[in-house]
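Here's a protein model to explore together. Have it open while you read about its rings, charges and backbone.

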Amino acid sequence: MKVTRSEPVLVHAAGDAAVTVREDYYFLSNLDQNVDVLMKTVHVFNSSSETRSDNAATLIRESLSTVLSYYYPFQGALVVRPDGRLAVRNDRRGVPFVEALADEELREVTDVSAPCAAEVLADLVYIDMDSENALEASLLTVQVTTFKCGGFVLGLAMNHCLADGQSAAAFLCSWAETARGVPLSTSPYHDRKLQRARSVPTICFPHDEFTEIEDVSDLAGIFGNMPCVYRSFTFDAGKLERLKKAASEDASTTTCSTFVALTAFVWVARTRALRMRPEQKSKLLFAVDGRRRVNPPLPNGFWGNAIVFACCISNASDLLSRPLSAASRSIKAAISRTDNAFIRSAVDYIELNRVARPSLTATTLVTAWNRLEFRTADFGWGQASHSGPAELPHKEVAMILRGVRDSDSMVLVVGLPLSCVQAFQEMVDKL
């Protein structure tokens, strides 16, 4: 597939909205500081009488100008302040917008792990590569790609510093509301100083999410000497129900969520497939939304990063010799202890350890895209037929996506060394 892009144009907030921004710099919290990576997504709209792509590109561009008056930080640039912290300079440079044409019909852009999918998806998201300094790169870029059939794809590249998954989805829904000419159902709450570290930073808990684990299994060598292969594994409703029962304390009933069951399974299955040594510590990380877990809760519409990483660590021998319910029990305990005190402690930990990032040695990091409400965004022609990531995850990351054809199914995307894929597949097949 060949995609021809137009030259990017800069879109600015409509009217005089931008002048209402009073501060020269937009504060980023400690939870924003260590996620300065791009979050790339694609949103697929099939051809119909209501979705003429020539009009859609114009509508998307014009409504972007309107919504930027509410989400003004996207117009700025990342800078490093004298104290070493990242902030957004509100220089109102604008958001690059690109229109593109594809020379093929719109194929289903759904399986990020399919052969050549990464190359196709890369053509659907515009990345600002002109800036020599990565900090000067745009915080949001937009591309609308029209296909021969009349369908189109909205591709976004958003700096994670500004938004976690929930905030990114909220932005997209607000953008869609402005396109339909209706008031925002929820206005963004911008004051991230609610998440400041305490005046006397105090670490009250072990924060194993940052702990470096010794690689006694030579996992770095295994990944380094063999190609990493990505596969998608579909769990239909029946398989999910069996998995949830296996992950429950009482196998005769279901006492854990789909997320807990899938996360427990991928932690155990990946540990086994990688053939970790019995004494190898195997770490599990997953994001927990802190919006309603802090006291007081963050205001409705809070926009930023409000997630912290919950962590479980187990010797591989213990993890693999015990039933799946033991892994799910550890996950539930990690979720339960992610309360106000733990979150404040995590913020203070980052304050005292500025370069702290979660260590990923011998780690499985689970990210749940199925919980994000990207697809509810309706620009006026109905919901997208598909919304999802536009690139493969890092090798340590397992992504949970909602099934495309069957909304009751889940898809697990995992990257493994080629020699380990069959072992993982066999564990899926046993369910």
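What follows is a short tour of aromatic rings, charges over rings, and a few backbone details.

This is a predicted model, where local features need pLDDT of at least 70, side-chain atom pairs count only at pLDDT 80 or more, and totals for chains, interfaces and linings use all residues. Residues are numbered from 1 along each chain as its sequence is written, and side-chain values use heavy atoms, with hydrogens and water left out.

Let's begin with the rings. The structure holds 19 aromatic pairs; rings of Phe, Tyr and Trp (its six-membered ring) pair if their centres lie within 6.5 Å, with planes under 30 degrees apart called stacked, over 60 edge-to-face and the rest tilted. Take Phe74 and Trp303: they're edge-to-face, with 5.3 Å centre to centre and 75° between the planes. Phe74 is in the loop between α2 (53-67) and β5 (77-80), while Trp303 is in the loop between β11 (281-289) and β12 (307-315), so their pair ties together parts 229 residues apart in sequence. Helices (H or I, at least four residues) and strands (E, at least two) are DSSP runs, numbered from the N terminus. Both rings also belong to one aromatic cluster, whose members include Phe45, Tyr71 and Trp381.

Next, charges over rings (NZ of Lys or CZ of Arg within 6 Å of the ring centre and within 35 degrees of the ring normal):

| Charged residue | Ring | Distance from ring centre |
|---|---|---|
| Arg196 | Phe27 | 4.6 Å |
| Lys395 | Phe223 | 5.6 Å |

Finally, the backbone. A cis peptide bond, with omega about 0°, joins Asn295 and Pro296. Pro296 lies in the loop between β11 and β12.
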